[in-house]
Amino acid sequence: MSISWLGEGVTTKGVTERRFDVERGSRMIPGLLWTPETEPAKALVLLGHGGGGDKRQGYILAFARRLVRHHGFAAAAIDGPVHGDRRDPAAGEITADEFLNAWREDPTITDEMVADWRRVLDVLQEPAVLGTTPVGWWGISMGTILGLPVVAAEPRISVAVLGLAGIVGPTKQRLAADAASLRIPVLFLAQWDDEIFRRDRVFELFGAIGSSDKRFHANPGLHQDVPAEEFLASERFLARTLAPR
């Protein structure tokens, strides 16, 4: 089998969580999968965590469980570069600067993460795991910096929630080009007082998105102050495409 399950799945309030590893050449991709306890998943949402977090970041766990409980979806997350189980345990906790430095210094990071996600999606859609289902993307901050290229490269993704990012950094030209290539529905989240991404750069990224169906939600507050209502809006937006009534 193409996926290795680590330990037994844990089921809580109808949500089964399983830790997995997927191989891609010499790379090991550590991830988590959340599925409904008893019913086949209606769709799959791929979750891209933020810089300095990992696949168990608090809002990733909460959002994944809501997608399963409220919509009957499956959800999956993998660790980003230099994050989570990809780290040497002796390295200690990651800082935001560590990812930013890696992003600047390693030009392969984006392509490697795109290939990792596509490999994981291949495996999750095998009949013995989930089978073929509609696929969506949710990822903000680093989940957009590295996730927008995933969405642009992967035709199986039919809807995306992005945000908390702008056309900046060493991959800004790629971000602009990938945004322009999108034709799927996109919800874009922004924090009006974001201290990491300047507002004009955020507007520039949203404006570059080529989708005819795109929406911009802005809220007051700093980068990490995304209100709970936007997670609810994200759910509704994903469900509209992935499980239309």
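Which strands each supply at least two residues of the lining of the second largest pocket? The model examined here is predicted, so that local features need pLDDT of at least 70 and side-chain atom pairs count only at pLDDT 80 or more, while totals for chains, interfaces and linings use all residues. Residues are numbered from 1 along each chain as its sequence is written, and side-chain values use heavy atoms, without hydrogens and water.

The strands in question are strand 2 (15–24) and strand 3 (27–36), a strand being a DSSP run of E of at least two residues and a helix a run of H or I of at least four, both numbered from the N terminus. Strand 3 gives the most to this lining, with three residues. A pocket is an open set of points on a 1 Å grid over the protein atoms alone, where a 1.4 Å probe fits, with protein on both sides within 12 Å along at least five of seven lines; lining residues have an atom within 4 Å of a point. The second largest pocket has a volume of about 230 Å³, the volume being the space filled by probe spheres set on the points, which are joined across faces, edges and corners. Among the 14 residues of its lining, Thr35, Pro36, Ala41, Val129 and Leu130 are the closest to the centre.

The largest pocket holds about 410 Å³ of space. It is lined by 22 residues, of which Gly50, Gly51, Ser141, His223 and Gln224 are the closest to its centre. Helix 2 (96–105) and helix 4 (142–145) are the elements that give two or more residues to this lining, and helix 2 has the largest share, three residues.
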